[in-house]
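Reader: I would like to learn how to read a helical model with some care. Could you take me through it one feature after another?

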Amino acid sequence: MKRAVGNVLIYILSLIAAIIFGFLYIKVFKFSLVVIAAFFVFLAVYASFIAFGWKSMQKLNAYEQRLIHFGLNKEDERKVLFYSLSALSPMWLCIFLVSCIPLFTNGVWMVTIFPCIFLSCMPAATVLEEYYGLTRKKLPFVLLFVLFAVICCLLGIAVSNLVFN
C-alpha cells in the first residue's frame, strides 16, 4: 500500500513539475502550446514503448524459468518470438522516427538511416541470444527483425512524404 501511495505521489509531483516547466517555456521562451503538447505526447508514446518492452523482457524471463522447470511447447515458442520482438519496441519507434526525417536523396538517406538500423542490431543481438537460448532457433527472429526494420523504414518514409509534400 505504501508503494502505491508513493507511486501516486511521484506521479502527481512529476505532473506538477511538467505543468510548471510547460508554463515557463510558454511565457519565458515564447514556445507555442502546440510544441509543448507535441513534446509531451512524444514522451508519453516513448514511455509506453519502453514499458511495453520492459514488460516483454519480464515475460521472457518467466519463460526462461518455465523452460528450466517444465520445458516449452510450440505455443510457448510463438509467444517467446512475440515477446522477443516486442522487447525491441523502443528500437522500432526510433527507426520509424529517424525514417521520418525528410531526406529526398537516396544517398543521404542511406548515410543517416542505415547507421541507425545498424546500431539497432546491438540490442537485437542480445535479444537474439535470449531467444536462441529458449527455442534453439535463430531464423524466425532474424527474418522478422529484418521485416520489421523494413516496415518501420517504409512507414517513416510514407509519413514523411505525406507530411512534407
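Predicted model: local features only at pLDDT ≥ 70, side-chain atom pairs only at ≥ 80, totals over all residues.

Reader: Which residues of the largest nonpolar core touch the most other members?

Author: A nonpolar core is a set of buried Ala, Val, Leu, Ile, Met, Phe, Trp, Tyr and Cys residues joined through side-chain atoms within 4.5 Å, where buried means under 20% relative accessible area, exposed over 50% and partly exposed in between, with a 1.4 Å probe and protein chains only. Here the largest core has 25 residues, and Val80, Leu88, Trp92, Ile95 and Phe141 touch the most other members. At least two core residues come from each of H2 (33–69), H3 (74–86), H4 (89–99), H5 (106–135) and H6 (139–164), the helices being DSSP runs (H or I, at least four residues) numbered from the N terminus. H5 gives the largest share, 9 residues.

Reader: At what angle do H2 and H5 pack?

Author: Two packed helices are described by the angle between their axes and the distance between the axes. The axes are lines fitted to C-alpha atoms over the stretch in contact, with angles from 0 to 180 degrees between N-to-C directions. H2 and H5 pack at about 30°, with axes 10 Å apart, and are therefore roughly parallel, a term for angles under 35 degrees. Leu60, Asn61, Tyr63, Glu64 and Leu67 in H2 meet Glu130, Gly133 and Leu134 in H5, contact meaning heavy atoms within 4.5 Å.

Reader: Is proline 90 buried or exposed?

Author: Proline 90, found in helix H4, is buried, with a relative accessible area of 18%. Leaving aside neighbours within four places in sequence, proline 90 is in contact with Tyr46, Phe49 and Ile50. Proline 90 and tyrosine 46 are 44 residues apart in sequence, yet 6.9 Å apart in space, C-alpha to C-alpha.

Reader: Where is arginine 136 found?

Author: Most residues other than glycine have a negative phi. Arginine 136, in the loop between H5 and H6, has a positive phi of about 60° although it is not a glycine. At 58% relative accessibility, arginine 136 counts as exposed.

Notes:
Residues numbered from 1 in each chain as written. Heavy atoms only, no water. Parallel < 35°, antiparallel > 145°, perpendicular 65-115°, else oblique.
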